[in-house]
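Hi,

Here is the complex I promised to pass on. Have a look at it first, and then read on for what turned up.

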Amino acid sequence: MTDYNFAYLDEQTKRMIRRAILKGLAIPGYQVPFASREMPMPYGWGTGGVQVSAAVLTPDDTFKVIDQGADDTTNAVSIRTFFERTAGVETTTATSEASVIQTRHRIPEEPLTEDQILVYQVPIPEPLRFLEPRESETRKMHSLEEYGLMHVKLYEDISRHGHIATSYAYPVKVEGRYVMDPSPIPKFDNPKLGDMPAIQLFGAGREQRIYALPPYTQVVSLDFEDHPFEASKADHACGLCGATDSYLDEVIMDDQGGRMFVCSDTDYCEARRAAGHKGKDAA
Amino acid sequence: MYVAVKGGERAIESAHAWLAEERRGDTDVAELSIAQIREQLKLSVDRVMAEGSLYDPDLAALAIKQSRGDLIEAIFLIRAYRTTLPRFGASEPVDTGAMACDRRISATFKDLPGGQVLGPTFDYTHRLLDFKLAADGDVPEAPTRESTPGDVPHVTGFLNREGLIEEAPHDDTPPPDLTREPLEMPADRALRLQALTRADEGFTLGLAYSTQRGYARNHAFVGELRIGAVAVEMDIPELGFTIEIGEITLTECETVNQFKGSKTEPPQFTRGYGLVFGQSERKAISMALVDRALRWEELGEDNVGAPAQDTEFVLYHADNIQATGFLEHIKLPHYVDFQSELELVRKLRREAGADQVQEAAE
Amino acid sequence: MQVTALSGGFDNPAIGSAHAFRSVMEAMARPGSVQDIQGAVPPAPLTVAAGTVLLTLCDTDTPVYLAGKADTDDVRKWLAFHTGAPLTGPSHAMFAVGEWDALMPLDGYPVGTPEYPDRSTTLIVECAELEAAGATLRGPGIKSEATLSLPETRAFQSNRALFPLGLDFIFTSGDRLAALPRSAVVSRSSSEAVAHRGDF
């Protein structure tokens, strides 16, 4: 294998992806089909996000990759190394220093700015897929704005459990038109999707879809008047930094049922600790 | 005291180093050469080329070596390499009628122009482990004879002359290309065939087998199976004519299927088609059966709800690189999603528990 | 400088187009914002901005319509050499380039289908001037409202009425560009702007 192009993809592929991104921005929440390429990492491991990042990055960017909120998880490390190698971009773990952030399953705690782009890795872009497995059908449903099935499903949850039993990949409606899958972020992150100053791009490689939310787009989590949407998280403070406003991971400490809660956003947690905040389990 | 996990980068590097060591195995044993794999594991090489959609035996052999013999991993390596190659153009359609056949059999006619040629087949070998191979691999030379000159006509052509088999009119429409455009439904036959030729062999075999067992049975006879080399020609606009740019080995299967007629078609035989890189006859036959099953709509047959009739189901799940990636991605961390599920289940249980207590009190 | 068919491409295609795309993307994501863009030097009468957009987004897969004065022999040759994009009429164009009047009528371009609203033309409108003043814009990408010097307003209101179908516009002038996606709600002044946000 010899030299690869800047950011790995050939120019024709990048143009195809770039055209899809522009259409995605023009029709917020609509899934634009694109001819996803085989990437040197497996489908389902962020190939959509990687292709979008590759089409968006310039050598002047500072790139951050998080998986489950953390910069140091193995797949985040692998993707960050890929772009260091193929695009020669600067990388960072600090949210505020990054101009492009690729993420899997989280939105950073620190509010993003107009100078940033958030690229999501998406496994199943179709919010209606688990109600209707056929692409030809779901595409029709979107075109007719026929979202009754989704409401029925959510309402069945309520009648059975008293709650909507969807805790992540919680569907949203964009600008009153398209129902969109926000990728498997916890519903705790849903309120951050709307009115965000940064551009949000979503890439699903295996399913060959790109979609987008321009800045300051109206994004509403689906709910009912008598059962309003509720962003939830573990009812604890971070054991390390004491934060009460961040999404928490549960860590099993021993086999006696001992556990603690820590920020899933590692950069957020580290910055707080550096600023002197301390949780109850901090050394 | 808890310290957040660090060291993903070091863990990855160490894992890769260990993998490289394991791949090599015991260094007292001679290392495999690419040529050895190419020559002696040819059917593996052929499968990797077929499902990798790249005809290059040396690269396929390299991929097999690098992947420790995991063929889906090797196919993945080839696909990822293929996608970076510039595309200079498209070849002319290959002429399988002019194939230099190593093997050519028909199950529908005892003898026919061009003859039955068994070729290098496992058929009729007794599947007994050959312990001699473990010691020495010397083989006696196989007998040879002069090949019959001239093209070998297709069996379906004979049936066509009598009007007994459906017409397959010549069509110069450029076929769609699912490696360049997103897969879209409904998929026409050319697109379905492209998807099937690079589809996972096992998946295709299972689907084909299901049609034989009654899930959209289509009564297939192997009209013809041929394996051999064909010339690849390309029109070079700068030259103003077509030149031969190389030769590839293909396996082609044409099935002849019983058909009682339908609302739109008279009783006649119909066709299923399989064409695969290399010597891959299990795959070519499977492909032809699945192709035929997927044609129910254009032939006016009933949809009996069989998996092999369902274009979306077949095409969206036939690609082993897509499938294995998504399947294996559930190994990746899902702490965040799982945490939100934990919270939800705890909450639901709490409330269910509370309800029970309340009921007991009433 | 005399521009020939062979000159006027990106010095470094991968890097040049990456920077140019970011300008186009920022423009499309933030309707009304005016972005700098450069990299290509197309033959007259194309502006640097229009030429750079074409080189960034077009290739053999994208039929292009050259409207009015943009349809010159030099432009044809330049576009063919650098992109290989096939030339076509409005009804099959993925991209169209020219001055506003030459691009008319807008109903000659594909606006997408209900199932694939993305299959619509992007019009690159060459403008004598371009500034963040004039018509009022609201919608996705705009915090409260933005202003942009548009050639007119009614055409964009009719286009918005087709949403999610519709055309998308890139306005080019010299080495600057702005964009107006179909999602934008255009009015003459802020007082006339209508609330577009639907209720869920």
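Helices here are DSSP runs of H or I with at least four residues, strands are runs of E with at least two, and both are numbered from the N terminus. The helix itself, α5(A), covers residues 148-161. Its 14 residues should span 20 Å at 1.5 Å a residue, and its end C-alpha atoms are 20 Å apart, so the two agree. (The expected span is 1.5 Å times one less than the number of residues.)

Before going further: this is a predicted model, with local features needing pLDDT of at least 70 and side-chain atom pairs counting only at pLDDT 80 or more, while totals for chains, interfaces and linings use all residues. Residues are numbered from 1 along each chain as its sequence is written, and chains are lettered from A and ligands numbered from 1 in the order in which they are written. The predictor gives the complex an ipTM of 0.95 and a pTM of 0.89.

Another positive phi in chain A, near 90°, belongs to G257(A), in the hairpin of β11(A) and β12(A) with its 6 residues between the strands. Those two strands run antiparallel and are joined by 5 bridges; strands count as paired if DSSP finds at least two bridges between them. Within the pair, V251(A) sits opposite M260(A) of β12(A).

On to how the chains meet. (Nonpolar is Ala, Val, Leu, Ile, Met, Phe, Trp, Tyr, Cys and Pro; charged is Asp, Glu, Lys and Arg; the others, Gly among them, are polar.)

Chain C puts 33 residues in contact with 34 of chain A. The largest share of the chain C side, 12 residues, comes from its helix α1 (residues 13-29), and the classes are 17 nonpolar, 5 polar and 11 charged. Chains B and C do not touch, their nearest C-alpha atoms being 10 Å apart.

In chain B, look for the open antiparallel sheet of 4 strands, ordered β1-β2-β3-β4. β1 (100-105) and β4 (270-277) of chain B are at the edges with a single partner strand each, so one side of each has no neighbour in the sheet. β1(B) pairs with β2(B) (residues 220-236) over 5 bridges, and C101(B) has G228(B) as its bridge partner there.

Finally, chain C has 5 helices and 9 strands and spans about 50 × 30 × 30 Å along the principal axes of its C-alpha trace. Its average pLDDT is 92, with 92% of the residues scoring at least 70; pLDDT is the predictor's confidence in each residue, from 0 to 100. One stretch to treat separately is residues 190-200 of chain C, where pLDDT stays under 50 and the model has 20 contacts beyond four places in sequence.

Cheers

Methods: Contact = placed C-beta atoms within 7 Å.
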